[in-house]
Amino acid sequence: TTGEVQNRAKNLLGKFAIADTALVAIAALWGQFLYASQAMAWIPLIIAALAFIATVMMALRGSEWGTLLAHSVGIAGAVAWIFTAMAPNAMKSSIKPEFSLTIWDASSSQSTLAIMLVIALVVVPIVLGYTYWSYTRMPLKVTLEELDENPGLPWDKIRQGASFLAES
């Protein structure tokens, strides 16, 4: 967005970013000490923490692309931390450790994985190509000048109890 909406979002960012990052840090440390069974889980946790701190710094400086990149790295680090902290389990049992669902038990069969690999090799490039195309063809920001004067549902065509999607 641009203009007033962008300014309001930036003002809210300044008020909530540091508190939000602190709360996420507390929750992550709690999860690390409570659930992580491997010391290797510290690596993606530290990467995620540094990336989220960089996200706040970039956002407060006004660097939109830097904020997006740092936040993306932070999310990837957080996901990697979750899997590293739980490894070799996909789901830990709260009753007995022997009842935990391991990654091996949770995975699909070899034939299913082979079929999904072929499908992914075909579909992922199509999705990436469409995403690239849409970002290069469509504007990155929406401005008030681009919006219709009366956006939303066509209220003059809606009758009580009738479908507004039907042509009349």
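Let me begin with Ser100, which sits in the loop between β1 (89-91) and β2 (101-102); helices (H or I, at least four residues) and strands (E, at least two) are DSSP runs, numbered from the N terminus. Setting aside neighbours within four places in sequence, Ser100 is in contact with Asn89, Met91, Lys92 and Ser93, where contact means heavy atoms within 4.5 Å. Its side chain reaches the backbone nitrogen of Ser93 at 2.9 Å. For such a polar contact, a pair of N or O atoms must lie within 3.5 Å; within protein, one must be able to donate a hydrogen and the other to accept it, and residues adjacent in sequence count only if both atoms are side-chain atoms. Ser100 has a relative accessible area of 12% and is therefore buried: buried means under 20% relative accessible area, exposed over 50%, and partly exposed in between, with a 1.4 Å probe and protein chains only.

A word on the source. This is a predicted model, in which local features need pLDDT of at least 70 and side-chain atom pairs count only at pLDDT 80 or more, while totals for chains, interfaces and linings use all residues. Residues are numbered from 1 along each chain as its sequence is written, and side-chain values use heavy atoms, with hydrogens and water left out.

Now the overall arrangement. The protein chain has 5 helices and 2 strands, in the order α-α-α-β-β-α-α from the N terminus on. Of its 168 residues, 15% count as buried. Among contacts with a separation of 6 or more, 50% come from residues 24 or more positions apart.

I turn to helix α2. Its 20 residues, 42-61, should span 28 Å at 1.5 Å a residue, and the end C-alpha atoms are 28 Å apart, which agrees; the expected span is 1.5 Å times one less than the number of residues. Which residues of α2 are buried? They are Pro44, Leu45, Ala48, Ala51, Phe52, Thr55, Val56 and Ala59. These residues cover an arc of only 145° around the axis, so they lie on the same side of α2, the arc being that of the directions from the helix axis to the C-beta atoms. On the other side of α2, Leu50 and Arg61 are exposed. The cover over the buried residues includes α1 (3-35) and α3 (64-86). After α2 comes Gly62, with a positive phi near 95°.

From α3, consider Thr67. Thr67 is buried, at a relative accessible area of 17%, and its side chain reaches the backbone nitrogen of Ala59 at 3.1 Å. Not counting residues up to four places away in sequence, Thr67 touches Thr55, Met58 and Ala59.

From α1, consider Val24, which counts as partly exposed at 41% relative accessibility. Val24 and Phe52 are 28 residues apart in sequence and 9.4 Å apart in space, C-alpha to C-alpha.

The largest nonpolar core has 5 residues: Ala28, Ala41, Leu45, Trp81 and Ala85. Such a core is a set of buried Ala, Val, Leu, Ile, Met, Phe, Trp, Tyr and Cys residues joined through side-chain atoms within 4.5 Å. Trp81 touches Ala28, Gly31, Gln32, Ala41, Pro44 and Leu45, again not counting residues up to four places away in sequence.

Finally, the aromatic rings. A search of the whole structure finds 2 aromatic pairs. In one of them, the rings of Phe33 and Trp42 have centres 5.5 Å apart and planes at 65°, so the pair is edge-to-face. Rings of Phe, Tyr and Trp (its six-membered ring) pair if their centres lie within 6.5 Å; planes under 30 degrees apart count as stacked, over 60 as edge-to-face and the rest as tilted. Phe33 is exposed, with a relative accessible area of 63%, whereas Trp42 counts as partly exposed at 31%.
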